[in-house]
Amino acid sequence: MDIKINITDRDGVTHEVDAPTDMNMNLMEVVRSYELAPEGTIGVCGGMAMCASCQCYVKSDHELPEKSDDEEAMLAEAFYVEDNSRLGCQIRITEDLDGLEVELAPES
């Protein structure tokens with residue numbers, strides 16, 4: 001089953017995309033598969049919470065999994081961090097996230 005996610009890219013353009021819930025994808029991989037950020041500017045570490053290139057701001061009030069220690073530590077060092085910042089690689093695509101709205105953080 002696919003869910004709808006609204007992703008605002010770094011140019012301020014919002015894209016409504018279909019994200020599969022049955023492929024164990026994360027938000028960063030969805031952004032990459034739709035090429036909503038230039039190659040090499042997102043998911044640089046491959047989704048290991050070792051960089052902040054997939055940082056995004058969560059705009060909707062969906063309940064997300066708690067941040068891991070690794071994610072907390074990475075966001076503590078990242079630029080442009082807001083209260084609603086998350087690492088896209090740490091957000092798994094599940095049916096609960098239908099209608100999720102996120103905005104990609106600026107490139108650091």
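**Salt bridges, strands and a charged patch**

Colleague: Hi! I'm new to this one. Which residue forms a salt bridge with Lys59?

Modeller: Welcome! Glu103 does, and the closest N and O atoms are 3.2 Å apart. The pair ties together distant parts of the chain, with Glu103 in strand β5 and Lys59 in the loop between β3 (55-58) and α2 (69-77), 44 residues apart. Keep in mind that this is a predicted model.

Colleague: Got it. How exposed is Glu103?

Modeller: Glu103 has a relative accessible area of 26%, so it counts as partly exposed.

Colleague: And how many salt bridges does the structure hold?

Modeller: There are three. Another one joins Glu71 to Arg86, with 2.8 Å between the closest N and O atoms. Here the link runs from helix α2, which carries Glu71, to strand β4, which carries Arg86, and the two are 15 residues apart.

Colleague: Is Glu71 buried or exposed? And what about Arg86?

Modeller: Glu71 is buried, at a relative accessible area of 1%. Arg86 is buried too, with 8%.

Colleague: Why can side chains like that pair up?

Modeller: As a general point, side chains of opposite charge can pair when their charged atoms come close.

Colleague: Which residue does Asp18 form a salt bridge with?

Modeller: Its partner is Lys4, and the closest N and O atoms are 2.7 Å apart. Asp18 sits in strand β2 (residues 14-20) and Lys4 in strand β1 (residues 2-8), 14 residues apart, so this pair also links distant parts of the chain. Asp18 is partly exposed, with a relative accessible area of 32%, and Lys4 is partly exposed at 36%.

Colleague: Change of topic: which strands does β3 pair with?

Modeller: β3 pairs with β4 in the antiparallel sense over three bridges. β3 and β5 also run antiparallel, joined by three bridges. To put residues on that, Gln55 stands opposite Leu87 in β4, while Cys56 has Leu104 in β5 as its bridge partner.

Colleague: Nice. Which way do the residues of β3 point?

Modeller: Gln55 and Tyr57 point one way, and Cys56 and Val58 point the other way. All four residues are buried.

Colleague: What about the surface? Which residues form the negative patch?

Modeller: The patch is made of Glu63, Glu66, Asp69, Asp70, Glu72, Glu95, Asp96 and Asp98. Asp98 lies in the loop between β4 (85-87) and β5 (100-104). With a relative accessibility of 43%, Asp98 counts as partly exposed.

Colleague: How far apart are Asp2 and Asp98?

Modeller: In sequence they are 96 residues apart, but in space they are 8.5 Å apart, C-alpha to C-alpha. Asp2 lies in strand β1 and is partly exposed, with a relative accessible area of 45%.

Colleague: One last thing. What is the phi of Ala49?

Modeller: Ala49 has a positive phi of about 60°, although it is not a glycine. You'll find Ala49 in the loop between α1 (27-33) and β3, and at 6% relative accessibility it counts as buried.

Colleague: And Tyr80, where is it found?

Modeller: Tyr80 is in the loop between α2 and β4. Tyr80 also has a positive phi of about 60° and is not a glycine. In terms of cover, Tyr80 is partly exposed, at a relative accessible area of 43%.

Colleague: Thanks, that helps a lot!

Technical notes. Residues numbered from 1 in each chain as written. Predicted model: local features only at pLDDT ≥ 70, side-chain atom pairs only at ≥ 80, totals over all residues. Heavy atoms only, no water. Patch = residues over 30% accessible without salt bridge, like charges linked within 9 Å, V, L, I, M, F, W, Y side chains within 5 Å. Areas by Shrake-Rupley, 256 points an atom, 1.4 Å probe, with all protein chains shown as cover. Salt bridge = Lys/Arg side-chain N within 4 Å of Asp/Glu carboxyl O. Lys, Arg positive; Asp, Glu negative; His and termini not counted. Charge placed at Lys NZ, Arg CZ, Asp CG, Glu CD. Buried < 20%, exposed > 50% of the residue type's maximum accessible area, 1.4 Å probe, protein only. Pairing = 2+ DSSP bridges.
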